[in-house]
Amino acid sequence: MLLVKVAVFCILFLTNSLSAEEFKPLPNKKIYWSFDGITGSFDRESIQRGYKVYKEVCAACHSMNRIAFRNLQDVGFSEEDVKQIAASYQVKDGPNDLGEMFDRPGIPSDYFIAPFDTKEAAAASNNGAIPPDLSLIVKARHDGANYVYSLLIGYQNGEQDENGLYFNPYFSTGRLAMAPPLSEGMVEYDGARQATVENMSYDVVNFLQWAAEPELEQRNKFGFKVVIYLAILTMFFVLTNNRIWSRLYKKKK
Ligand code: HEC
């Protein structure tokens, strides 16, 4: 009898510890990005396409509060393009002389318009989860660019569990509240580029990287100048040093 009890206990213990075993996410895919390394720079065409993906897909749920329309000029949109993009949105402004809020067309200095007015509204539309603001998401996650790319392409046939969460092996717990946001042909690209999930993910990550770190190119250029300056200075010091010491050395002889 005791033996049976011990056996049952062991089995229960084992199955319990197995199911409680922590989920380990897959390592991120490693992508070659033009912005990597000290000579890295932005692929502006990809960023522009990525903005289209953000605008037509992600912006339905995710805000980007830190980016203003005028910032888009950094990535190659003309002043006229930016005016048009901004004016296609209605912005809440005011209060006016009567103390009332009113809507007006956007102008370049306005920030991107958030899809939800409150966190509660965002959660209510997303199965209780709040879609995070994407302005800094690439910096807010370890190995951000590779991670966001992996997450976007990592969904497996849109499977949902009993809590309405979607399986994704790159997410820390393996399940998240975001449905697979991208599917083949979701945005229309100019030219021959195919709107595959991989291509759209690549472009939107380039866009998100620029948004999170727009000063990257300036910093790289500055870093390069500092390195050259230090190299020249070092050469100068070595030469002076040799000269001073060689004189002393000769005197001693
Ligand atoms: C239908 C709404 C919806 C759309 C569209 C959507 N998302 Fe999400 N997203 C969510 C929700 C909800 C979460 C929070 C998930 C959670 O924490 O379980 C989320 C989370 C994320 C995260 C954070 C994951 C993490 O590590 O916490 C990233 C990155 C992300 N989304 C990127 C995108 C991108 C890029 C797009 C466009 C291609 C997009 N999302 C489109 C709803 C959406």
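Because the model is predicted, local features need pLDDT of at least 70 and side-chain atom pairs count only at pLDDT 80 or more, whereas totals for chains, interfaces and linings use all residues. Residues are numbered from 1 along each chain as its sequence is written, and side-chain values use heavy atoms, with hydrogens and water left out.

The protein contains 8 helices and 4 strands, where helices (H or I, at least four residues) and strands (E, at least two) are DSSP runs numbered from the N terminus. Along the sequence these elements follow the order α-α-α-β-β-α-α-α-β-β-α-α. The radius of gyration is 27 Å, well over the 18 Å that the globule rule gives for 253 residues, so the protein is more spread out than a compact globule; this radius is taken over C-alpha atoms, and the rule is 2.2 Å times the number of residues to the power 0.38. Along the principal axes, the C-alpha atoms fill a box of roughly 100 × 80 × 45 Å.

Two domains are assigned, domain 1 (34–67 + 111–236) and domain 2 (78–109), with bounds that come from an automatic or database domain assignment. Their centres, taken over C-alpha atoms, are separated by 26 Å. Contact (heavy atoms within 4.5 Å) involves 4 residues of domain 1 and 5 residues of domain 2. The two domains bury about 390 Å² between them, 61% of it on carbon and sulfur atoms; buried area is the accessible area (1.4 Å probe) that two parts lose on being put together, summed over both. Tyr51, Lys55 and Ile113 supply 81% of the area that domain 1 buries against domain 2, more than any other three residues. Between the domains, 0 salt bridges are counted, a salt bridge being a side-chain nitrogen of Lys or Arg within 4 Å of a carboxyl oxygen of Asp or Glu.

In the whole structure, 11 salt bridges are found. One of them joins the side chains of arginine 44 and glutamate 217 (2.9 Å, N to O). Arginine 44 lies in helix 2 (residues 44–56) and glutamate 217 in helix 8 (residues 216–252), so this pair ties together parts that are 173 residues apart in sequence.

Two backbone features occur in loops. The peptide bond from glycine 94 to proline 95 is cis, with omega near 0°, and proline 95 is located between strand 1 (90–93) and strand 2 (102–105). Asparagine 127, a residue other than glycine, has a positive phi near 60° and belongs to the loop between helix 4 (119–125) and helix 5 (137–140).
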